[in-house]
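Visitor: Could you walk me through how the helices and strands of this chain are arranged?

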Amino acid sequence: MDSSNHWYGHAHILSAYCGLDPAKPPRIAGVLQHGWNVLHGFGPGHEPPLGFVKYVWSDVARRRGQAIGWRDYAVIGSPWAYLLEQETELPDKREGTIFYPFHTWEQGSVEGDHNELIASIRATEPGPVTICLYWIEYDMADVRGAYEDAGFRVICHGQRGTLWQGTNTRFLHGQLAELRKHERVASNRLSTALFYGASVGCDVGVYGPAMDFVEDRGGFDAKHYVQRLYPDLHKPFVDRDLMAAVTRAELGLDNLLSPAELTFELGWSAR
């Protein structure tokens, strides 16, 4: 199995949905899209090997991939969408905003002014604010401390894992619980977390100073392309109906398979 299939506990969520042991998901016969992007469903340097099925969340991702000549696509909906089918309990109330600052990743770094972002959040958000940092920034005492000193609640959903090690297999379960506690979700980049929040009823905001990758990502960053593609989603207060429509398409909320269909599609039917 491609190790990225385990990131965020994706394979574990799909295994549970199919009635299998979520602690020991079977091998997936292909490569699963692990996050939202405006390209072909996969990240920089993450080109699935020829002949392996590309399991993507949406028909949007399939069309983008086929436009550059990629084949072997299967549209199955996002693991998040399958999690929503399993975790239906709602909190008693919602309060405040959860903000996801644009973050680095395990093989890169970003540059930007966190203090400037803090000022922007203070000027925009009317209620209590939770800051969710990626684990790398969370482990940086100066970054985490800046948000804590600003009076924000600071959390981390854990690690997505590397080569099957260190994976918080309940990553998305925790994220879902946090999003359902908040009225709004916001970030200084249009990102996966915002679509997740919109899917569970959060209002959405995209604002604040830009943070950019330091290294050359071969055009994959696509920041300006995303702004041109979805200009109306780059506002402190995004239209709720518009965000809901884009979310349904990008997360593949209408593409879910039945447990039997998903079991077959992932190559688990012989078990």
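This is a predicted model: local features need pLDDT of at least 70, side-chain atom pairs count only at pLDDT 80 or more; totals for chains, interfaces and linings use all residues.

Visitor: In the open sheet of 3 strands, what is the strand order?

Guide: Strands here are DSSP runs of E with at least two residues, numbered from the N terminus, and two strands pair if DSSP finds at least two bridges between them. The edge strands, each pairing on one side only, are E1 (30–32) and E3 (73–75). The pairing is parallel, and the order is E1-E2-E3.

Visitor: Which residue of E2 is the bridge partner of Val 31?

Guide: E1 and E2 (residues 53–56) pair in the parallel sense over 3 bridges. The bridge partner of Val 31 in E2 is Lys 54.

Visitor: Why is one side of E7 and of E9 left without a neighbour in the sheet?

Guide: These strands belong to an open sheet with parallel pairing and the order E7-E6-E4-E8-E9. E7 (153–155) and E9 (203–206) stand at its edges, so each has a single partner strand.

Visitor: What angle does the direction of H8 make with that of E8?

Guide: Helices are DSSP runs of H or I with at least four residues. H8 (residues 192–199) packs on the sheet, touching E4, E8 and E9, where contact means heavy atoms within 4.5 Å. Angles run from 0 to 180 degrees between N-to-C directions, with axes fitted to C-alpha atoms, for helices over the stretch in contact. The angle with E8 is about 165°.

Visitor: Are H4 and H6 roughly parallel or roughly antiparallel to each other?

Guide: The axes of H4 (residues 114–124) and H6 (residues 141–149) come within 10 Å and cross at roughly 25°. Angles under 35 degrees count as roughly parallel, over 145 as roughly antiparallel, 65 to 115 as roughly perpendicular and the rest as oblique. H4 and H6 are therefore roughly parallel.

Visitor: Which residues of H6 make the contact with H4?

Guide: On the H4 side, the contact is made by His 114, Asn 115, Leu 117 and Ile 118. From H6 come Val 143, Ala 146 and Tyr 147.

Methods: Residues are numbered from 1 along each chain as its sequence is written. Side-chain values use heavy atoms; hydrogens and water are left out.
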